[in-house]
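Please study the sequence and the structure shown below. The paragraphs that follow lead from single residues to the protein as a whole.

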Amino acid sequence: MTISHEFLLVIIINVLSSGLFLGGMAVSIKFIEEQIKRLEIKQDKHNHLIERMVKVEESLKSVHHRIDELNWKIGEEE
């Protein structure tokens, strides 16, 4: 049984095209993973900012309370 040249050429072309396809998929997956890592870094920065803002808001409430107490004391002295 002999394999014709055309059939051998078709097999080679299919193997090469499959390899190119799989290689392209690997490159695409690597690119997507890099993008996800960048987004995770941005998200971490954003979450850190939110944590800091919560602390600022708590501190601001305390400051407003102190100002209200001082205003009330000043009002009593007059």
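A residue is called buried when its relative accessible area is under 20%, exposed when it is over 50%, and partly exposed in between, with a 1.4 Å probe and protein chains only. The structure is a predicted model, in which local features need pLDDT of at least 70 and side-chain atom pairs count only at pLDDT 80 or more, while totals for chains, interfaces and linings use all residues. Residues are numbered from 1 along each chain as its sequence is written, and side-chain values use heavy atoms, with hydrogens and water left out.

Consider Lys61 in these terms. Lys61 has a relative accessibility of 64%, and therefore counts as exposed. Lys61 belongs to helix α1; helices (H or I, at least four residues) and strands (E, at least two) are DSSP runs, numbered from the N terminus. Between Lys61 and Leu39 there are 22 residues in sequence and 33 Å in space, C-alpha to C-alpha.

Gln43 is also a residue of helix α1. Its relative accessible area is 48%, so Gln43 is partly exposed. Gln43 and Ile29, 14 residues apart in sequence, lie 21 Å apart in space from C-alpha to C-alpha.

Helix α1 covers residues 5-77 and includes Val15. Val15 is exposed because its relative accessible area is 56%. Together with Ile3, Phe7, Leu8, Ile11, Ile12 and Leu16, Val15 makes a nonpolar surface patch of about 660 Å². Patches consist of residues with over 30% relative accessible area and no salt bridge; like charges are joined within 9 Å, and nonpolar side chains (Val, Leu, Ile, Met, Phe, Trp, Tyr) within 5 Å. A salt bridge here is a side-chain nitrogen of Lys or Arg within 4 Å of a carboxyl oxygen of Asp or Glu.

What does the secondary structure of the protein come to? It comes to 1 helix and 0 strands. The radius of gyration, taken over C-alpha atoms, is 34 Å, well over the 12 Å that the globule rule gives for 78 residues, so the protein is more spread out than a compact globule. That rule is 2.2 Å times the number of residues to the power 0.38. The C-alpha trace spans about 115 × 15 × 10 Å along its principal axes.

Of the 78 residues, 0% count as buried. The accessible surface, computed by the Shrake-Rupley method with a 1.4 Å probe, is about 7,800 Å², and 66% of it belongs to carbon and sulfur atoms.
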